[in-house]
Amino acid sequence: MAPIVSKGYITREKLFAISLSLVILLALILPVRLPAEAIRVGSLGLSGPLLPLWIAQDKGLFAKQGLTSELITFQGGTQTMQALLSGGIGFAASSTDTGVNAKLRGADIIGLAEWVNSLPYMFITAKEIDKPEKLKAKKIAISRFGGAAHYAVRMVLIKMGIDPEKDVQILQVGDESLRLAAIRQGVVDATVLTPPSNLTARNLGFRILTSLQEAGVKYSFDGIFVSREYGTKNRDTVIRFLKGFVDGIATMKRNRSESIATLKKWTRLNDQNALDETYRIFVELIPAKPYGSEEGWRNLLEVLSATNPKAKQLEYNEAFDYSYL
């Protein structure tokens, strides 16, 4: 006599088939999670231009690209590049001149992106100087001849129709604190300062006549660097890093309050006015697409060639590879 089988009974074979179908279905609809890849990113100092990098780190934008990232702060450009070349870090967010000087000394590194492509200087003058013509015969403070501040002053004067050789007197004074002291004491009539020193000058009654960005001055200022070997062997990782970094720029431009909170955390700056001013300046200064320009590159080499004549021989496409970006 044949066995009686209940209509609701599921055989082992059917149960296995259903289970296998479910596994296949889940594999198709759920994303495959690969192990996160670890990267180390070195940055030079704790200044406002690094805000997109800090946002990408704190908001998980590198993690979104499957990267476990560690940010390491260095106090010198030479240290940053040494760490990059030794393999201690995979990426260096540093001043472009630091990368170029390393390359001129034989380092096989390549720039991936240039996220600050103008000098972040404000041109500060005594209050009575409210237009460029009043700068004639005045004294202007710089750090040293041949340095970035000197070049910034020359470029902005030329843009305003002032001859830096004949119309003004340029004096070597020193760093920003010394230049601010010099204008306060009336030793000079003008200088260039970066945020938040420009805010201090404005609060003291001095005038911000223009910024170098407003004056249309292009300059290769800050870049992302890797060793050429690392970039070649880890192209996918480099591209994912850049996606996270560019997302950091976009997030900075969209979310003011969160970005200022991140800026406060990393810089440990408690002056709200200084935080607001630093954010305002760099959200305008940092382009949505971090590409440099030939003009900015030539202007950088003009400064570097004052101390290293070989700088003028370095071609733009030798130093930067935008195919990753």
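Mentor: Helix H2 (residues 51-58) has six of its eight residues buried, so it is largely enclosed by the rest of the structure. Buried here means under 20% relative accessible area, exposed means over 50%, and partly exposed lies in between, with a 1.4 Å probe and protein chains only. Helices (H or I, at least four residues) and strands (E, at least two) are DSSP runs numbered from the N terminus. The model is predicted: local features need pLDDT of at least 70, side-chain atom pairs count only at pLDDT 80 or more, and totals for chains, interfaces and linings use all residues. Residues are numbered from 1 along each chain as its sequence is written, and side-chain values use heavy atoms, with hydrogens and water left out.

The buried residues of H2 are Leu51, Pro52, Leu53, Trp54, Ile55 and Ala56. Just after the helix, Gly60 takes a positive phi of about 75 degrees. H5 has twelve residues and spans 16 Å from its first C-alpha to its last, close to the 16 Å expected at 1.5 Å a residue; the expected span is 1.5 Å times one less than the number of residues. Its buried residues are Ala149, His150, Tyr151, Ala152, Val153, Met155, Val156 and Leu157.

Most residues other than glycine have a negative phi. Ala137 has a positive phi near 70 degrees; it is placed in the loop between strand E5 (122-125) and strand E6 (139-142) and counts as exposed at 70% relative accessibility. Arg268, with a positive phi of about 60 degrees, is found in the loop between H10 and H11 and is likewise exposed, at 73%.

The aromatic residues come next. A search of the whole structure finds 14 aromatic pairs, where rings of Phe, Tyr and Trp (its six-membered ring) pair if their centres lie within 6.5 Å, and planes under 30 degrees apart count as stacked, over 60 as edge-to-face and the rest as tilted. Phe91 and Tyr230 form an edge-to-face pair, 5.5 Å centre to centre with 80 degrees between the planes. That pair links distant parts of the chain, 139 residues apart, with Phe91 in strand E3 (residues 91-95) and Tyr230 in helix H8 (residues 228-233). Phe91 is buried at 0% relative accessible area. Phe62, Phe91, Trp115, Tyr230, Phe241 and Phe245 form one aromatic cluster. A ring also meets a charge: the charged end of Arg235 sits over the ring of Tyr324, 4.3 Å from its centre, the criterion being NZ of Lys or CZ of Arg within 6 Å of the ring centre and within 35 degrees of the ring normal.

Strand E3 leads on to the open space. On a 1 Å grid over the protein atoms alone, a cavity is a set of points where a 1.4 Å probe fits but cannot get out, a pocket is an open set with protein on both sides within 12 Å along at least five of seven lines, and lining residues have an atom within 4 Å of a point. Grid points are joined across faces, edges and corners, and a volume is the space filled by probe spheres set on the points. The largest pocket holds about 850 Å³ and is lined by 37 residues, of which Ser95, Pro120, Tyr121, Thr194 and Phe221 lie nearest its centre. The lining has 19 nonpolar, 13 polar and five charged residues, where Ala, Val, Leu, Ile, Met, Phe, Trp, Tyr, Cys and Pro count as nonpolar, Asp, Glu, Lys and Arg as charged, and the others, Gly among them, as polar.

One cavity of 30 Å³ or more is found in the whole structure, and the largest cavity holds about 40 Å³. Its lining consists of Gly99, Val100, Lys103, Ile109, Ile110, Gly111, Phe225, Leu314 and Ala319, with H4 and strand E4 (109-116) each supplying at least two residues. Thr96, in H4, is buried at 0% relative accessibility, and its C-alpha lies 7.9 Å from that of Glu114, 18 residues apart along the chain.
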